[in-house]
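Hi,

Here is the structure I said I would pass on.

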Amino acid sequence: MTDKPRLKVVIRCNQCGERFILRGKREKGRVETGFKQCICNNASDFEIQENTF
Ligand SMILES: [Zn+2]
């Protein structure tokens with residue numbers, strides 16, 4: 001059985017306000033997007049929204 005719900009993840013940088021829209025998947029209670037850091041070098045201060053497709 002393949003049961004990997006896909007998510008649209010909206011990540012908003014709290015430092016510069018840039019928004020990134022990524023596809024993610026939920027694995028073991030956390031969301032995996034592959035997102036590393038913002039263009040402003042912020043790597044930890046984000047507002048994250050998950051939306052199912
Ligand atoms: Zn930023």
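This is a predicted model: local features need pLDDT of at least 70, side-chain atom pairs count only at pLDDT 80 or more; totals for chains, interfaces and linings use all residues.

The mean pLDDT of the protein is 90, with 92% of the residues at 70 or more. Comparing the elements, strand S1 (residues 6-13) has the highest confidence, with a mean of 94, while strand S3 (residues 30-32) has the lowest, at 88.

Along the principal axes, the C-alpha atoms fill a box of roughly 40 × 20 × 15 Å. Of the 53 residues, 6% count as buried. As for contacts between residues at least 6 apart in sequence, 48% of them join residues that are at least 24 apart.

Now the sheet. The 4 strands make an open sheet with antiparallel pairing, and the order across it is S3-S2-S1-S4. S3 and strand S4 (46-52) sit at the edges, each pairing on one side only. From one strand to the next, the twist averages 40°.

Strand S2 (residues 19-27) pairs with S3 over 3 bridges, in the antiparallel sense. Within that pairing, Arg26 stands opposite Val31 in S3. Keep in mind that S3 is also the strand where confidence is lowest, at that mean of 88.

Cheers

Terms used: Residues are numbered from 1 along each chain as its sequence is written. A residue is buried if 20 or more other C-beta atoms lie within 10 Å of its own, exposed if 12 or fewer, and partly exposed in between; C-beta atoms are placed from the backbone. Two residues are in contact if their C-beta atoms, placed from the backbone, lie within 7 Å. pLDDT is the predictor's confidence in each residue, from 0 to 100. Helices (H or I, at least four residues) and strands (E, at least two) are DSSP runs, numbered from the N terminus. Two strands pair if DSSP finds at least two bridges between them. Axes are lines fitted to C-alpha atoms, for helices over the stretch in contact, and angles run from 0 to 180 degrees between N-to-C directions.
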